[in-house]
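User: Got a model to go through. Can you walk me through it?

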Amino acid sequence: MNDPSNLDCRFLRCRIRSKLMPILENVDKRFKNSVHKTNLRMSELKDLINKLANENIDFENKRVVLAKFIESHMVIKQTIVSKILSCCNYNDSNVTGSLLDEIIRFANNKKSNLHKIGNIKVSKKNGFLIFKH
């Protein structure tokens, strides 16, 4: 699909593609290949992160084992929360880094068992972090 804005140099991505990339390719002929390899690695990492997140989520019940969640790497935690919020039909445009951090802080807080975010309730019960819409 062609996006006309791809040719509009008012957008930074167009200026990078049309002006900066040719300069970098002239400086180092390996540049284009290096960027391509880096993109492949990033794609593989994204796939791995999604796989690890999916392994921890009970999508049917919109929950995750709390202890495993707390032990997970921050990127995995953020991906888990984002995926569960999406399952709860939470508006993706409202899912910010701050919101993800807020839910992760709640999960780590031993004193609190219920947290409300808009129309979503996040609770800790029977060793699970549970999301209800």
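Analyst: One term to begin with: two strands pair if DSSP finds at least two bridges between them. Helices (H or I, at least four residues) and strands (E, at least two) are DSSP runs numbered from the N terminus. This is a predicted model, where local features need pLDDT of at least 70 and side-chain atom pairs pLDDT 80 or more, while totals for chains, interfaces and linings use all residues. Residues are numbered from 1 along each chain as its sequence is written, and side-chain values use heavy atoms, without hydrogens or water.

User: OK, how many bridges join β2 to β5?

Analyst: Strand β2 (residues 63-65) is joined to β5 by 3 bridges, and the two run antiparallel. Arg-63 has Ile-130 in β5 as its bridge partner.

User: And what order do the strands of the sheet have?

Analyst: The open sheet of 5 strands runs β1-β2-β5-β4-β3, with antiparallel pairing. β1 (57-58) and β3 (114-117) are the edge strands, each pairing on one side only.

User: Switching to the largest nonpolar core: which residues touch the most other members?

Analyst: Leu-85, Leu-129 and Phe-131, out of 24 residues. α5 gives the most to this core, 6 residues. Such a core is a set of buried (under 20% relative accessible area, 1.4 Å probe, protein chains only) Ala, Val, Leu, Ile, Met, Phe, Trp, Tyr and Cys residues joined through side-chain atoms within 4.5 Å.

User: What is Leu-129 in contact with?

Analyst: Leaving aside neighbours within four places in sequence, the contacts (heavy atoms within 4.5 Å) of Leu-129 include Val-64, Phe-69, Phe-106 and Val-122.

Technical notes:
Buried means under 20% relative accessible area, exposed over 50%, partly exposed in between (1.4 Å probe, protein chains only).
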